Amino acid sequence: LACGAGRETAALMSLGALVTGVDVSEETVVAARKRLPDAALVTASPGALPVELRRGRFDVVYSSWGALAEIGDLHEWAAGIAAALKRKGILFLYDEHPAAACLDQMLHWRENYFETWPLGRLIHALGGAGLALELLEELPDPNRWGRREVRVPGDLIVVARKP
């Protein structure tokens, strides 16, 4: 999800994976198609996957950096992922930490964390869709604010499995 211009899609394909890339931007999908003419690429919102992707056929859903920023309804997003996954399939989410998304370059709050997508809401949406949390990692991004800052989470990793 949020495959962008296809960099990660290309990397996964080079490892032998059969990949379907999804991005909300038609322009970005067109650029990815030029780079990866053999890839299956779909223009769709990560929060509203088309029915053909909701048939329980995927071993892994990888949600890439920037996907969460495109989500209006976390419950709809999580339900779409659960519908896309096979039994025992996993969601691997690597994205911006919601706290980092609320801070400016000087580490001042520019947005209200609780009005975005706080971790509790994200995890609740995944559980509500029937996905079992296996891993939650909050990582610093030392170069994010132009200086070595390790007191603030910059990245988020979530692994959840469909039982």
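Of the 163 residues of the protein chain, 44% count as buried in this predicted model. The secondary structure comprises five helices and six strands, arranged from the N terminus in the order α-β-α-β-β-α-β-α-α-β-β. The radius of gyration of the chain is 16 Å, close to the 15 Å that the globule rule gives for 163 residues, so the chain is as compact as a globular protein of that length. The C-alpha trace spans about 45 × 35 × 25 Å along its principal axes. Among contacts between residues at least 6 apart in sequence, 63% join residues at least 24 apart. The accessible surface of the protein chain amounts to about 8700 Å², and carbon and sulfur atoms account for 54% of that area. The chain carries 18 positive and 21 negative side chains, and the centres of these two sets lie 6 Å apart.

An α-helix has 3.6 residues a turn, so residues three or four places apart point the same way. Beyond its neighbours within four places in sequence, Glu96 is in contact with Trp65, Ala101, Trp117, Arg144, Gly154 and Leu156. Arg87, by contrast, has a relative accessibility of 62% and counts as exposed. With neighbours within four places in sequence again left aside, the contacts of Arg87 are with Lys162 and Pro163. The C-alpha atoms of Arg87 and Ile157 are separated by 21 Å, the two residues being 70 apart along the chain.

Arg55 is located in the loop that joins strand 2 (40-43) to strand 3 (58-63). Its relative accessibility is 55%, which is over the 50% limit, so Arg55 counts as exposed. Apart from neighbours within four places in sequence, Arg55 is in contact with Ala83 and Ala84. Arg55 and Trp65 are 10 residues apart along the chain, and a distance of 24 Å separates their C-alpha atoms. Trp65 is also one of the residues in contact with Glu96.

Ser14 lies in helix 1 and, with a relative accessibility of 61%, counts as exposed.

Ala2, which is not a glycine, has a positive phi of about 60°. Ala2 belongs to the segment before helix 1 (7-14), and its relative accessibility of 12% places it among the buried residues. Leu107 likewise is a residue other than glycine with a positive phi, in this case near 65°. Leu107 occupies the loop between helix 4 and helix 5 and is buried, with a relative accessible area of 17%.

Definitions and conventions
Residues are numbered from 1 along each chain as its sequence is written. This is a predicted model: local features need pLDDT of at least 70, side-chain atom pairs count only at pLDDT 80 or more; totals for chains, interfaces and linings use all residues. Side-chain values use heavy atoms; hydrogens and water are left out. Helices (H or I, at least four residues) and strands (E, at least two) are DSSP runs, numbered from the N terminus. The radius of gyration is taken over C-alpha atoms; the globule rule is 2.2 Å times the number of residues to the power 0.38. Buried means under 20% relative accessible area, exposed over 50%, partly exposed in between (1.4 Å probe, protein chains only). Contact means heavy atoms within 4.5 Å. Accessible areas come from the Shrake-Rupley method with a 1.4 Å probe; for residues, only the protein chains shown count as cover. Lys and Arg count as positive and Asp and Glu as negative; His and the chain ends are not counted. The place of a charge is taken as NZ of Lys, CZ of Arg, CG of Asp or CD of Glu.
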